[in-house]
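The sequence and structure come first.

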Amino acid sequence: MFTAGIQLNEIFMVAGMALVTFVIRYIMFPISGRFTFPKLFERGLRYVPPVVLTAIIVPSVLMPNGGALDLKLNNPYLIGALAACVIGGVFKNLLLTIVLSMVVFLGAQWVFAMG
Amino acid sequence: MVDFSLVKRSPVSLFFEGAKDTFPLVVGAIPFGIIFGTLAETAGLSFHATMGMSLFVFAGASQFVSLSLLASGTASPMIVLTTFVVNLRHMLYGASMVPFYKNLTSLWKMVLAFGLTDETFAVAVSRYNQEDGVQGKHYYNFGSMVFMYLNWNLCTFIGLTAGKAFPEISRWGLDFAMPATFIGIVIPYLVSKPMWASVVTAGTVSILAGGLPHKMGLMLAAIAGVMVGLVCEKVFLENQEKG
């Protein structure tokens, strides 16, 4: 018999999470053969990557602590994100954008923690 | 003139091209994965369950959400349901990939679908959309996926180990790595007015709907953004035809 109850609970949780995530990522392939998407839907899909990512970025930058909107310039997430936008727009280099904006973010966090 | 109608490339070279193009995103995922590993123990998740999550779920955002739910004592079925909602966006990724995967075997589709993370999707979909006649781009997609997967699991492991040595690492705020990476992915898309309009809409709605439970605001923002993009496309196109 299983005695480690917590262990078993974790197995169910991880298995459940794995199953729903895989089904979400896979489900469109077996069902898509049965119908064709309308042209409008296909055009709409081109907006999916930037739109979804923006909807993840904006709350994590402007509401870093979950609840309230933080538009103050001593919000290191906001400073880092602004830096990422400028660096990305100017240099058009993904690696440079990530690394430099991380440096700006950590610097801002350090400075604001002192002040 | 180069004839682009049929370009043969070896699977191995496409695999490594995919891995190479994913490198910046892998760098962005490193702090994210390490933080996940360090936070897991505090949230009360065992070593094996934490590794199991990175090995079998392989979805960063929902893994983080599950940790915060665990820490607040949420029951497993509720965590699974929340995972479903947080990852629902990947169904749109699947829909986007349908035309590109249509000639692949079911096994290939399953493998690539398993690895359809935000990062690999973004890299692979832009490669598929390059109309250069290259055949076998699923090897490119696979290379991107394998690199992300190995890195994610290695970083989770490092985080689990380092969390014991440096318990304060989770307070460094390295969670900024995810928005930094995603900003870098979004910027190249911003080349047309409809794209700008859709992204601004998504950002605004994500804030307005930020208080909704289970990250439902994310789906609302995505749907609003896509709809505004399509409407703007139609408006600008008609204006061009008139002018």
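The contact between the two chains takes 71 residues from chain B and 59 residues from chain A. On the side of chain B that touches chain A, the classes are 48 nonpolar, 20 polar and 3 charged residues. The model is predicted.

**Between the chains**

- Helix α4 of chain A (residues 48-62) packs with helix α9 of chain B (residues 177-186) at an angle of about 145°, and their axes are 9 Å apart.
- The crossing in which α4(A) passes α9(B) is left-handed.
- From α4(A), the contact is made by A:P50, A:L53, A:T54, A:I56, A:I57, A:S60 and A:V61. From α9(B), B:M178, B:P179, B:F182, B:I183, B:I185 and B:V186 take part.
- Sorted by class, this contact of α4(A) with α9(B) has 11 nonpolar, 2 polar and no charged residues.
- B:F176 is found in the chain B loop between α8 and α9.
- B:F176 counts as buried, because 28 other C-beta atoms lie within 10 Å and the cut-off for burial is 20 or more.
- Apart from its neighbours within four places in sequence, B:F176 is in contact with A:Y77, A:G80, A:M102 and A:F105 of chain A.
- B:F176 and B:G18 are 158 residues apart in sequence, and their C-alpha atoms are 25 Å apart in space.

**Helices α5 and α6 of chain A**

- Helix α5 (residues 76-91) and helix α6 (residues 94-114) of chain A pack at an angle of about 155°, with axes 8 Å apart.
- That angle makes α5(A) roughly antiparallel to α6(A), since angles over 145 degrees count as such.
- α5(A) and α6(A) cross in a right-handed sense.
- On α5(A), the residues making the contact are A:P76, A:I79, A:G80, A:A83, A:A84, A:I87, A:G88 and A:F91. On α6(A), they are A:L96, A:T97, A:L100, A:S101, A:V104, A:F105, A:A108, A:Q109 and A:F112.
- By class, the contact of α5(A) with α6(A) has 12 nonpolar, 5 polar and no charged residues.
- A:P76, in helix α5 of chain A, is buried, with 22 other C-beta atoms within 10 Å.
- A:P76 and A:Q109 are 33 residues apart along the chain, and their C-alpha atoms are separated by 5.3 Å. Both residues are listed in the contact of α5(A) with α6(A).
- A:G80 and A:F105 are also in that helix contact, and both are in contact with B:F176.

**Helices α2 and α8 of chain B**

- In helix α2 of chain B (residues 47-57), the residues B:T50, B:M53, B:S54 and B:V57 are buried. Seen down the axis of α2(B), the buried residues fall within an arc of 110°, so they line one face of the helix.
- The axes of α2(B) and helix α8 of chain B (residues 137-165) come within 9 Å and cross at roughly 160°. The two helices are therefore roughly antiparallel to each other.
- The crossing in which α2(B) passes α8(B) is right-handed.
- From α2(B), the contact is made by B:F47, B:T50, B:M51, B:S54 and B:L55. From α8(B), it is made by B:W152, B:N153, B:T156, B:F157 and B:L160.
- By class, the contact of α2(B) with α8(B) has 6 nonpolar, 4 polar and no charged residues.
- B:T50 and B:S54 are among the buried residues of α2(B), and both are listed in the contact with α8(B).

**Residues with positive phi**

- Most residues other than glycine have a negative phi.
- A:K92, which is not a glycine, has a positive phi near 50°. A:K92 is found in the loop between α5 and α6 of chain A.
- A:K92 is exposed, because 12 other C-beta atoms lie within 10 Å and the limit for exposure is 12 or fewer.
- B:F58 is not a glycine either, and its phi is positive, about 55°. B:F58 follows α2(B) and lies in the loop between α2 and α3 (60-71) of chain B.
- B:F58 counts as buried, with 24 C-beta neighbours inside 10 Å.

Methods. Residues numbered from 1 in each chain as written. Chains lettered and ligands numbered in written order. Predicted model: local features only at pLDDT ≥ 70, side-chain atom pairs only at ≥ 80, totals over all residues. Helix = DSSP H or I, 4+ residues; strand = E, 2+ residues; numbered from the N terminus. Arc of directions from axis to C-beta. Axes fitted to C-alpha atoms, helices over the stretch in contact; angles between N-to-C directions. Parallel < 35°, antiparallel > 145°, perpendicular 65-115°, else oblique. Left-handed = near helix turned anticlockwise from the far one by under 90°. Contact = placed C-beta atoms within 7 Å. Nonpolar A, V, L, I, M, F, W, Y, C, P; charged D, E, K, R; others polar.
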